[in-house]
Amino acid sequence: MSHGSSPKPLTTRAAGPLTGTIRVPGDKSISHRALMFGALAVGRTTVTGLLESEDVLATAAAMRAVGAKIERQDDGLYVVDGIGLGSLLEPESVIDFGNAGTGVRLTMGIFGTHDIAATFVGDGSLSKRPMGRVLDPLREMGTNVIARSGDRLPASIRGAKQPLPMTYRVPMASAQVKSAVLLAGLNCPGETTVIEPIATRDHTEKMLAGFGAEISVTLNDAGERVIKLKGQPELKPQDLEVPGDPSSAGFPIVAALIVPGSDVTIENILLNEHRTGLITTLIEMGGDIEIVNRRHSGGEEIGDIKVKASQLKGITVPAKRAPSMIDEYPVLAVAAAFASGETHMPGLDELRVKESDRLAAVARGLEANGIPCVEGEDFLTVTGGANNIGGGTVVTHLDHRIAMSFLVLGMASHKPVTADDGAVIATSFPTFTSLFSELGAKVQETPSEAA
Ligand code: S3P
């Protein structure tokens, strides 16, 4: 596997209440974009709170490969000396994105309208994921592509010499596809338009505006977001602060709700409305969650999240909420295992093309631990309150969120739960084990005969 380590099974077991105040690492989506946009600006961008995970470090390496200088200072500040839009150098070797879907798809967008050639590879998970959703619009803008059958990695592109701006209607709810087209549009003359029928996270739009691009977002008569970007701006360097990742916060939030007696505060979390679906859902399920100290920083709302153990009840999660919590369904399924009655989660077709087929991986993980569930083509229904749950080993399929979600399950189940590979957690949340240990959880390496 190219995310850098051999599998490391981890096991969790119930160990009393979780208590304390923590900060989770910086937001992954914003961290990728901070490095990319800093690389495309002319001058020096600084980034505090960057997520230092394998996925984001792969993006740093990719930006260095096209000429940006990116350095980490001793105090953790990242300094990015941009090479400037239109001036990217051709990478001298293959770009390995490991497990990082956001990294590779957004980078393909950037490179696709620069006159350079590049080859992208990834780990076993990334190599299974569909790249056509990004490569198809790029082909229309003039990018030449040679990819493995089904538009999978490895893939090589030769960026367009004379790129063409386009109007693109995003066919699935995907911020990565939207962003790839917008980033390709950056180096096109004229205006690129992206129509987004279903709103997704808007970090690309907000951050590009912050870097000085001319970008507008309006709603058309059908209520769809219409994003217009004027090509070939001079991007101005920024001083950025990355807030805590709400997707990573989802793990301690759910753990605190389901481990009896817990009382946990998670500080400095991004509260962008396109990212907070899990919190809304858990509150609807009866979770004692309070957001305090709301403030604004860098154009985003942030706040501290206080969570106390709660008796949850099953609900139907509205399908239209899915884009605002798309990465959180695995851990929501774990919360649902402790709720009274059924939790029904429709509208999950995109879960099948994440780091793993997450619908199937979650369903198998629940079954392995004695939790009744029904896996439909695009839905999951979990029945909570089963007795004697846990005791299973979950196959993580190189998917960090499957590993972390089921480790959270083990913190509250009757019997321990093992994730067959905890090494993959380093792609997004390298401090997962130490932060949970601080809160009082028992996360341990699994003796090899037990894995
Ligand atoms: C992301 C978009 C989402 C999300 C991923 C991060 C982004 O992917 O699952 O973790 O930063 O744009 P999709 O665009 O495939 O929904």
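Q: Which helices and strands do the buried residues of H8 pack against?
A: This is a predicted model: local features need pLDDT of at least 70 and side-chain atom pairs count only at pLDDT 80 or more, while totals for chains, interfaces and linings use all residues. Residues are numbered from 1 along each chain as its sequence is written, and side-chain values use heavy atoms, with hydrogens and water left out. In helix H8 (residues 277-284), the buried residues are Gly 277, Leu 278, Ile 279, Thr 281 and Leu 282; buried means under 20% relative accessible area, exposed over 50%, partly exposed in between (1.4 Å probe, protein chains only). By contact (heavy atoms within 4.5 Å), the buried residues of H8 pack against helix H7 (246-258), strand E16 (288-297), strand E17 (300-308) and helix H9 (329-336).

Q: Which residue with a positive phi follows H8?
A: Helices (H or I, at least four residues) and strands (E, at least two) are DSSP runs, numbered from the N terminus. After H8 comes a residue with phi near 100°, Gly 286.

Q: Which strands stand at the edges of the open sheet of 4 strands?
A: The order in this sheet is E6-E7-E9-E8, with mixed pairing; strands pair if DSSP finds at least two bridges between them. Each edge strand has a single partner strand, so one side of each is left without a neighbour in the sheet: these are E6 (95-96) and E8 (144-148).

Q: At what angle does helix H3 run to strand E9?
A: Strand E9 (residues 152-158) pairs with E7 (residues 117-121) in the antiparallel sense over 4 bridges. H3 (residues 101-112) packs on the sheet, touching E6, E7 and E9. Its direction relative to that of E9 makes about 15°.

Q: Which residues form the covered face of E9?
A: In a regular strand the side chains alternate between the two faces of the sheet. The uncovered face of E9 holds Arg 152, Pro 154, Ser 156 and Arg 158, and the covered face holds Leu 153, Ala 155 and Ile 157.

Q: How do the residues of the contact of H5 with H6 divide into nonpolar, polar and charged?
A: H5 (residues 175-186) and H6 (residues 203-210) pack at about 30°, with axes 9 Å apart; axes are lines fitted to C-alpha atoms, for helices over the stretch in contact, and angles run from 0 to 180 degrees between N-to-C directions. The contact is made by Lys 178, Ser 179, Leu 182, Leu 183 and Leu 186 of H5 and Thr 204, Glu 205 and Leu 208 of H6. With Ala, Val, Leu, Ile, Met, Phe, Trp, Tyr, Cys and Pro as nonpolar, Asp, Glu, Lys and Arg as charged, and the others, Gly among them, as polar, they divide into 4 nonpolar, 2 polar and 2 charged.
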